[in-house]
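Have a look at the model first, then read on.

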Amino acid sequence: MNVLPQISGDGTVELCHLLRQIPGEPRQHERNAFAQVAEAASFTGAASKLNINRTLVTKQVMQLEAELGARLLNRTTRRVSLTPVGQAYLERITPALAEIE
């Protein structure tokens, strides 16, 4: 079941539903792609590190965002940066990703 984030009165997104979805394997590739994009601040850099096509990295991150119902990255033609939700999600998944490596 895909639960959309709740927007509070001050415009912030409730993160609790995102943070509960960490365990398990279904989105492991998508989480890893997101973490690599965040680290490299680049889809191209992440694709190079993962040794996969940039288009695949983009699709994996978009699938993760769609499933979570929240934008994790701000994208411009020159720059990729984390949204506040993306920063919180990255902090939450980093320990789990480190255990897998």
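## Overall picture

Of the 101 residues of the protein, 35% count as buried, where buried means under 20% relative accessible area, exposed over 50% and partly exposed in between (1.4 Å probe, protein chains only). This is a predicted model, in which local features need pLDDT of at least 70 and side-chain atom pairs count only at pLDDT 80 or more, while totals for chains, interfaces and linings use all residues. Residues are numbered from 1 along each chain as its sequence is written, and side-chain values use heavy atoms, with hydrogens and water left out.

The protein has five helices and two strands, taken as DSSP runs numbered from the N terminus (helices H or I, at least four residues; strands E, at least two). Starting at the N terminus, the order is α-α-α-α-β-β-α. Take contacts, meaning heavy atoms within 4.5 Å, between residues at least 6 apart in sequence: 50% of them join residues at least 24 apart.

## Helix α2 and Glu30

Helix α2 has 13 residues and reaches 18 Å from its first C-alpha to its last, close to the 18 Å expected at 1.5 Å a residue; the expected span is 1.5 Å times one less than the number of residues. Its buried residues are Gln28, Glu30, Arg31, Ala33, Phe34, Ala35, Gln36 and Val37. After α2 comes Ala41, with a positive phi near 55°.

Glu30 belongs to α2, which covers residues 28–40. Why does Glu30 count as buried? Its relative accessibility is 15%. Setting aside neighbours within four places in sequence, Glu30 is in contact with Gln60, Gln63 and Leu64.

Buried in α4 are Val57, Gln60, Val61, Leu64, Glu65 and Leu68. Down the helix axis these fall within an arc of 135°, so they line one face of α4; the arc is that of the directions from the axis to the C-beta atoms.

Now for the packing: α3 (residues 43–50) and α4 (residues 54–68) meet at an angle of about 105°, with axes 8 Å apart. Axes here are lines fitted to C-alpha atoms, for helices over the stretch in contact, and angles run from 0 to 180 degrees between N-to-C directions. The two are therefore roughly perpendicular, a label for angles of 65 to 115 degrees. Phe43, Thr44, Ala46, Ala47 and Leu50 of α3 make the contact with Arg54, Val57, Thr58 and Val61 of α4.

Conventions
Parallel < 35°, antiparallel > 145°, perpendicular 65-115°, else oblique.
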